[in-house]
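Please open the model in your viewer and keep the selection panel to hand. The tour goes from aromatic rings to charges over rings and then to the ligand.

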Amino acid sequence: MKILNTLYINGQHVTPHGTEVLTLIHPVSEQPVAQVRLADEEDTRLAIAAAKAAFPQMRLSSRQQRVIWLQRLHDAVKAREAELVETMVDEYGCPAAFAQSTVERSYNSFLQAIDLLKDYSFETRVGKAKVVMEPLGVVGIITPWNANYGFIASKLSMVIASGCSAVIKPSELSARQTALFAECLHEAGLPNGVFNIVTGLGNVVGAEITRHPDIAKISFTGSTAVGKTIARDGAATLKRVTLELGGKSANVLLDDVDLDVAIPLALQVMSWNSGQACIAGTRLLVQENKLEEVKAQILKHLSILRPGDPRDPKTTLGTAVTARQYQRVQEFIRAGIAEGAELLCGGEGRPEGLASGYFVKPTVFVNVRNDMTIAQQEIFGPVLSVITYRDDAEAVQIANDTVYGLQAYVSGKDAGRTAAVASQLIAGRVFINGVYDEPLAPFGGFKQSGLGREFGTYGLEAYLEPKAIMGQ
Ligand code: NAD
């Protein structure tokens, strides 16, 4: 069994002061694979002190210097691409293609930060004032398990570009990936303390970051419940927060849509990262007269969701991350049945032919009402709720009838109608007739999907504070 017993503090791989040990279970074999010695509050305070000591140098670093660091971070991560992919597949049980795209996304975020830096004006004039965008200070980065490298890299790239320093607290469920990623980042040779990595529990390390007076800002990605705790407890020291939280995205199919295109897309977006994605399109809204056709199309295309060995290139659906998450998804499936939704396919239990592993059957419910548990709560598994509407106005009303507002999808042939619906959907990102990538466009949620935006100038400015200087 692998033993992980180092943290990364002040440029060194150090033994934790914390003594609590977490056993990681392999999501396919269901056997223990690693033991992780976790950080405690003392480790966290050491990491914060190191980041605080590094900040003055970061604050004064030139644009050119930051570009060099970002390039070195990119190169160091890219150099170990294959190992990073393999570790992610093994730790999460996710399909290799998803791991590959996550690793690419992670090293590319350093290049995107370089692009941003090239054009960004840290100083502007407003009338008689010189306005300087100043780095905030020490940033607490708290990330979820579901795309570990990507979240760490995208947030760290903004920390470096802005001239801040950081304490990173990744999910304890990603400890193997984090250990390898820390080795890569160390290779980049940034000054000691600029970033520190303390893997530990949320209510220990995360809570210490949230209350510590030397943390100026928290950039958090994770559940809405934990995001609210961070916003509340961080208020005691008036921390700035960026919160990227949960979602329950609607995918609206207008009645003129080509179902042969839209249904495979719907199955794809509901099952991103085996359904464990904040942006998964888990509510499919269809015009009531189209329901029978939609059902037939779902059954026709269902085979594109293929659970199995994550290393098999034909696999498109991996495991749930833990036994607990698997059980949680099963409970949602039972709730759907108990509340009267009709199971079109899937359901409880492991898919046929798989002897072990936290695999969930791709599951589609029809005749779902939007007030049902499965339509309102984030399931984080490959479970789709099909909901009918009468006209476009009702589709918009149902789509927006949720506490979340992270992402939405709309498909249809009439460009005027899809644009009209898109403009009315309350979501941080709306995709029309497909899925797209624009890394410099803002990303983040309305309502309880979050606070603030990441990526591009919007993301960079979340690490900066304007200062007006007059009389100069
Ligand atoms: P989580 O909220 O349980 O944990 C996220 C991080 O917060 C972990 O590092 C955890 O240890 C830490 N944490 C837990 N309790 C804490 C506390 N009291 N104080 C400080 N930190 C604490 O989420 P998860 O299960 O790791 O990830 C899944 C969730 O993340 C889903 O809700 C998903 O929608 C959300 N998510 C959102 C986005 C987005 O960009 N909006 C992206 C990915 C995931």
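Rings of Phe, Tyr and Trp (its six-membered ring) count as a pair if their centres lie within 6.5 Å, and such a pair is stacked when the planes are under 30 degrees apart, edge-to-face when they are over 60 degrees apart, and tilted otherwise. This is a predicted model, in which local features need pLDDT of at least 70 and side-chain atom pairs count only at pLDDT 80 or more, while totals for chains, interfaces and linings use all residues. Residues are numbered from 1 along each chain as its sequence is written, and side-chain values use heavy atoms, with hydrogens and water left out.

A search of the whole structure finds 9 aromatic pairs. One of them joins Phe431 and Tyr436, edge-to-face, at 5.7 Å centre to centre with 90° between the planes. Phe431 is buried at 8% relative accessible area, whereas Tyr436 is partly exposed at 46%; buried means under 20%, exposed over 50% and partly exposed in between, with a 1.4 Å probe and protein chains only.

Helices (H or I, at least four residues) and strands (E, at least two) are DSSP runs numbered from the N terminus.

For charges over rings, select Lys217 with Tyr463, where the charged end of the lysine sits 5.1 Å from the ring centre. Such a case requires NZ of Lys or CZ of Arg within 6 Å of the ring centre and within 35 degrees of the ring normal. Arg66 likewise lies over the face of Phe122, at 5.6 Å from the ring centre.

Finally, show the ligand and the 27 residues around it, of which Thr143, Lys169, Ser223, Leu245 and Glu378 come nearest; a residue counts as near if one of its heavy atoms lies within 4 Å. Which polar side-chain atom lies 2.6 Å from an oxygen atom of the ligand? That atom belongs to Ser223, while a backbone N or O atom of Thr143 lies 2.7 Å from a ligand oxygen. Helix 7 (202–211) supplies the largest share of the shell, 3 residues.

Note on methods:
A polar contact is a pair of N or O atoms within 3.5 Å; within protein, one must be able to donate a hydrogen and the other to accept it, and residues adjacent in sequence count only if both atoms are side-chain atoms.
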